[in-house]
Amino acid sequence: MDFQENYLQSVMYEFKRYKSMGEKTFAQLSDDDIHWTYAENDNSIAIIVKHIVGNMLSRWTNFLTEDGEKSWRNRDTEFEGSYTSRSEMMEAWERGWNCLFDAMNSIDESNFDKKVKIRNKDHTIVEAINRQLAHYPSHIGQIVFLGKMLKGADWNSLSIPKGQSEAFNKKMFG
């Protein structure tokens with residue numbers, strides 16, 4: 001397997017892993033929970049999702065041919081208002097991820113060395129992907145943290161639960 005194929009498989013795996021972490025968090029929360037904020041100017045989970053989706057649609061629509069910062073995107077409004085329901089949020093979430101996955105699937109040996117623009121600055125494909133692979137997990141980490149705060153003792157861990165590392169390692173290594 002060459003670098004390009006290995007890299008693209010690896011980043012697809014990571015994007016899917018973080019998408020799943022978000023969804024496993026959403027599944028533990030009530031409709032009220034996704035709109036909860038600690039303070040008036042904080043972002044709810046629904047607002048964070050709105051921002052992620054706005055970024056995804058801007059960055060990944062016509063990824064190879066247009067600047068990743070689209071003229072139709074209004075980033076500031078991503079932090080205003082919210083989705084009115086969980087289903088609206090989940091539909092948007094899927095739309096954003098589908099846009100990303102479709103764009104990723106369009107990358108191959110014929111265009112892997114192409115430069116793409118984000119905010120009128122040239123990026124290699126690797127740089128553009130890495131930029132988003134750093135961005136989305138940072139926000140999904142916020143979503144998970146908020147979910148964990150909201151659920152407290154009822155939170156179902158998304159990784160190795162506290163105090164269970166030794167048992168996990170024993171299972172993995174025999």
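Accessible areas in these legends come from the Shrake-Rupley method with a 1.4 Å probe.

**Figure 1. Overall view of the predicted protein chain.** The accessible surface of the chain comes to about 10200 Å², and carbon and sulfur atoms hold 49% of that area. Five helices and two strands make up the secondary structure, arranged along the sequence as α-α-α-β-β-α-α. The C-alpha trace spans about 50 × 50 × 25 Å along its principal axes. Of the 174 residues in the chain, 39% are buried. Among contacts with a separation of 6 or more, 75% are between residues 24 or more positions apart.

**Figure 2. Close-up of the pairing between helix α1 (residues 3-26) and helix α3 (residues 86-105).** The two helix axes come within 11 Å and cross at roughly 175°. Angles over 145 degrees count as roughly antiparallel, and α1 and α3 are therefore roughly antiparallel to each other. From α1, the contact is made by Leu8, Val11, Met12, Phe15, Lys16, Lys19, Gly22, Glu23 and Phe26. Helix α3 contributes Arg86, Met89, Met90, Trp93, Glu94, Trp97, Leu100, Phe101, Met104 and Asn105. By residue class, the contact of α1 with α3 divides into twelve nonpolar, two polar and five charged residues.

**Figure 3. Close-up of the largest nonpolar core, a set of 42 residues.** The residues with the most contacts inside this core are Phe15, Val49, Trp60, Phe63, Leu100, Met104 and Ile129. At least two core residues come from each of α1, α2, α3, β1 (115-118) and α4 (125-151).

**Figure 4. Close-up of the surroundings of Val49.** With residues up to four places away in sequence left out, Val49 touches Phe26, Tyr83, Met89, Trp93 and Ile143. Val49 is also listed with the residues that have the most contacts inside the largest nonpolar core.

Figure 5. Asp32 is exposed, with a relative accessible area of 64%. Ser85 lies 53 residues from Asp32 along the chain, and the C-alpha atoms of Asp32 and Ser85 are separated by 9.3 Å.

**Figure 6. Close-up of helix α5 (residues 165-173) and the residue that follows.** A residue counts as buried when its relative accessible area is under 20%. Of the nine residues of α5, the number buried is zero, so this helix lies largely in the open. Gly174 follows α5 and has a positive phi, near 80°.

Notes:
Residues numbered from 1 in each chain as written. Predicted model: local features only at pLDDT ≥ 70, side-chain atom pairs only at ≥ 80, totals over all residues. Heavy atoms only, no water. Axes fitted to C-alpha atoms, helices over the stretch in contact; angles between N-to-C directions. Helix = DSSP H or I, 4+ residues; strand = E, 2+ residues; numbered from the N terminus. Parallel < 35°, antiparallel > 145°, perpendicular 65-115°, else oblique. Contact = heavy atoms within 4.5 Å. Nonpolar A, V, L, I, M, F, W, Y, C, P; charged D, E, K, R; others polar. Buried < 20%, exposed > 50% of the residue type's maximum accessible area, 1.4 Å probe, protein only. Core = buried A, V, L, I, M, F, W, Y, C linked by side-chain atoms within 4.5 Å.
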